[in-house]
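Trainee: I would like to learn how to read a protein model feature by feature. Could we go through one together?

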Amino acid sequence: MPDSAAPTAARTGTDVSVTVLPTPLGDLRIAATADALVYCGFQPADELRARLERAGLREAAGSPGTGPRHPGAPDGAAALLDTAAAQLDAYLAGRLRSFDLPLDLRLATPFSRETVSALDAFVPYGRTATYGALAEALNRPRAARAVGTALGSNPLCVVLPCHRIVGSTGALTGYAGGVEAKRHLLGLEARP
């Protein structure tokens, strides 16, 4: 597992700050504790809130906000949300190819954590691979469907690039933000 995708060892509490980032893909919700990004995705606010609660996290007072800063953010969370928003904006504008953020995968199951942590190394920017090929790389050659399920629950969409995984025929299948968002991201990465 890459260092940046490892669950954060030192946690300063269970508060998480959530904000909405408008993007060409639609609104992305991003969430951070004081020391790591825990979520970047398309889930509606009520579904995200339930997911956070199942992981023992609670929204900080003032969440969710619109834009990276809002009142009630835990110490460090506002700065982390600013950095994440700036990197997401740069990536979506074609100026950034990889993210440099502290990540916490506590919202992922152990298999999902293993699967999404392998993405950056397995399928670099501008490339695609199949669910079956990723299953093979994880030494689970018969687990293509399980890989698809794991990617479907990726708590850090875009940042951990599950959009680069396609069907066995190259078809764009399933993506939390919708197939058009997946097409957009792959088109963005295909530009020179």
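Predicted model: local features only at pLDDT ≥ 70, side-chain atom pairs only at ≥ 80, totals over all residues.

Trainee: How many helices and strands does the protein chain have?

Mentor: Begin with the rule. Helices (H or I, at least four residues) and strands (E, at least two) are DSSP runs, numbered from the N terminus. Here the protein chain has seven helices and seven strands. In sequence order the pattern is β-β-β-α-β-β-α-α-α-β-α-α-β-α.

Trainee: What share of the protein chain is buried?

Mentor: Buried means under 20% relative accessible area, exposed over 50%, and partly exposed in between (1.4 Å probe, protein chains only). Of the 192 residues in the protein chain, 48% are buried. A contact means heavy atoms within 4.5 Å. Take those in the protein chain between residues at least 6 apart in sequence: 61% join residues at least 24 apart.

Trainee: Which strands does β1 pair with?

Mentor: Two strands pair if DSSP finds at least two bridges between them. Strand β1 has seven bridges to β2 (residues 26-32), running antiparallel. L21 faces L28 in β2 across that pairing. A hairpin of two residues connects β1 to β2. Strand β1 also has two bridges to β4 (residues 58-59), this time parallel. There, V16 stands opposite E59.

Trainee: Is β1 enclosed or open to the outside?

Mentor: Seven of the nine residues in β1 (residues 15-23) are buried, so the strand is largely enclosed by the rest of the structure.

Trainee: Which residues have the most contacts inside the largest nonpolar core?

Mentor: The general idea comes before the case. In soluble globular proteins, nonpolar side chains tend to be buried together. A nonpolar core is a set of buried Ala, Val, Leu, Ile, Met, Phe, Trp, Tyr and Cys residues joined through side-chain atoms within 4.5 Å. The largest one here has 45 residues, and L37, L88, L151 and V158 have the most contacts inside it. Elements that each supply at least two residues of this core include β2, β3 (37-41), α2 (77-92) and α7 (179-190). The largest share, seven residues, comes from α2.

Trainee: What does L151 touch?

Mentor: Leave out residues up to four places away in sequence. L151 then touches T115, V116, L119, Y131, L134, C162 and I165. There is also a second, separate core of nine residues, which includes V16, A31, L48 and L107.

Trainee: Is R164 buried or exposed?

Mentor: R164 is buried, at a relative accessible area of 3%. R164 sits in the loop between α6 and β7 (165-166). Beyond four places in sequence, the contacts of R164 include R97, D120, Y125 and E189. From R164 to Y125 is 39 residues in sequence, but 8.2 Å in space, C-alpha to C-alpha.

Trainee: Which side chain joins R164 in a polar contact of 2.8 Å?

Mentor: A polar contact is a pair of N or O atoms within 3.5 Å; within protein, one must be able to donate a hydrogen and the other to accept it, and residues adjacent in sequence count only if both atoms are side-chain atoms. The partner of R164 is E189, side chain to side chain, at 2.8 Å.

Trainee: How many aromatic pairs are there?

Mentor: Rings of Phe, Tyr and Trp (its six-membered ring) pair if their centres lie within 6.5 Å; planes under 30 degrees apart count as stacked, over 60 as edge-to-face and the rest as tilted. The count is three aromatic pairs. The ring centres of F42 and Y175 are 6.0 Å apart and their planes are at 70°, so this pair is edge-to-face. F42 is in the loop between β3 and α1 (45-54) and Y175 in the loop between β7 and α7, 133 residues apart. F42 is buried at 17% relative accessibility, and Y175 is buried at 10%.

Trainee: Why is the pair of Y91 and Y125 edge-to-face?

Mentor: Their planes are at 90°, with ring centres 6.2 Å apart, so the pair is edge-to-face. Both Y91 and Y125 are buried. Y91, F99 and Y125 form one aromatic cluster.

Notes. Residues numbered from 1 in each chain as written. Heavy atoms only, no water.
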